[in-house]
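Here is a short report on a protein model. Have the sequence and the structure open as you read.

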Amino acid sequence: MTDRVAVVGGGILGVAIARELLARRPDAQVTLFEKENRLAAHQTGRNSGVVHAGLYYQPGSNKAVLCRRGVGLLEEFCAQRGIRRVECGKVLVALDDAERARLADIEQRALANGVPGVRTIGPEELRELEPHVRGIAALHSPSTSIVDFAEVTQALAADAVACGAKILLGHEVIGLRSTGTEVVVTARTAGGTYQSAFDQVVACGGLQSDRLAEIIGDGPDPVIMPFRGEYYTLKPERRSLVNGLVYPVPDPRYPFLGVHITPRVDGEVLVGPNAVLALAREGYTWRMVSVRDVTEIARTPAFWRFARRHWRTGIREMHGSLSKRKFVAAARAYIPELSDDDVVPGPAGIRAQALESDGTLVDDFRISVRDRIVVLRNAPSPAATSSLAIAEHVVSTISQMDH
């Protein structure tokens, strides 16, 4: 009997999973549901485009293993399909002795994860790589690269469709009902309601992943909190201030990375992001407010526990959002020549960050299985980098469900 599989979510993960399903089961009937009228409309099409090498992740974690496997698969796919990927390299810049000490730990993790060519460099070598960047030391990752993940998603979708996948745009999944032998999927469309039965369902709805999980009775935790990352971009004549990716050293006490400088494959250079709580799951500006989403946040104990722990960081991030001067000052710590006039407002993205009930961030990828349904409950960065490896992992999980 032919397997009927539904994939919910048309970001890079959903599309990669649809493609992998058909690569392994050419006779399967795969249908992908996407509520927007295009693929890669949210996190995939609004991220910074960094192909992460696997520097930070706890060795042996899903993130570490799937990121390293994913990098290789992604590089191979881009080479095969002629998708532009630029190996611009990355420096994690230490501004003081405390940050320099943390570099050693990150270098150990990177080496344990098998990241090639990583080493700590001094201020002179940093200046050779990045003449306008200042710091007392840096960790250099020469293999870190950049790509346009929306372009990768379109190429993956073309593969999936060529193998027989059906992609339904403008189909918002509002119901997933398991009957024991199959799952009935209900979607809302501009023309009414669509309903169909499937043998298995994979839900990778990003910002909506916890809601999809709740529909199937998977419980409320972890809950998704939408954090908006706002960027400025360097004016074209100032793009030469950096050659590659310039990042701060992550502080384990804080949940977010801080402002960094990111060249993109189209030549644009992003400065950012900050991290502010969005007032809508898909609220890319302060003006976008959803009463339902705000009410949900206000009623979530996990959010208040998180806020109590990190309110100082929250206030600092809010200042950066409301004041260009504050925002640019954070980047100027690394590039002293950067002035307020060198940047113009840029894009924004939303990070679907899962919170445990105690208010701590879910750090690793989280995948849950219930009946005939697999739900990706937490897949923030480096999920785009890891997408082809996550697809392998999810399809293997589905295959085990069959036995």
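## Helix contact

In H2, Leu66, Cys67, Arg69, Gly70, Val71, Leu73, Leu74 and Phe77 meet Thr385, Ser386, Leu388, Ala389, Ile390, Glu392 and His393 of H10. Contact means heavy atoms within 4.5 Å. The residues of this contact divide into nine nonpolar, four polar and two charged.

H2 covers residues 62-81 and H10 residues 383-401. Their axes come within 6 Å and cross at roughly 110 degrees. H2 and H10 are therefore roughly perpendicular to each other (65 to 115 degrees).

## Basis of the model

This is a predicted model: local features need pLDDT of at least 70, side-chain atom pairs count only at pLDDT 80 or more, and totals for chains, interfaces and linings use all residues. Residues are numbered from 1 along each chain as its sequence is written, and side-chain values use heavy atoms, with hydrogens and water left out.

## Salt bridges

The whole structure holds 26 salt bridges (a side-chain nitrogen of Lys or Arg within 4 Å of a carboxyl oxygen of Asp or Glu). One of them joins Asp293 and Arg211, at 2.6 Å from N to O. Asp293 sits in helix H7 and Arg211 in helix H6, so the pair ties together parts 82 residues apart in sequence.

Asp293 is buried at 8% relative accessibility (buried means under 20%, exposed over 50%, partly exposed in between, with a 1.4 Å probe and protein chains only). Arg211 is buried too, at 15%. Arg211 also forms a salt bridge with Glu296, at 3.0 Å from N to O. Glu296 is partly exposed, at 29%. Salt bridges that share partners join Asp210, Arg211, Arg281, Arg292, Asp293 and Glu296 into one network.

Terms used: Axes are lines fitted to C-alpha atoms, for helices over the stretch in contact, and angles run from 0 to 180 degrees between N-to-C directions. Helices (H or I, at least four residues) and strands (E, at least two) are DSSP runs, numbered from the N terminus. Angles under 35 degrees count as roughly parallel, over 145 as roughly antiparallel, 65 to 115 as roughly perpendicular and the rest as oblique. Ala, Val, Leu, Ile, Met, Phe, Trp, Tyr, Cys and Pro count as nonpolar, Asp, Glu, Lys and Arg as charged, and the others, Gly among them, as polar.
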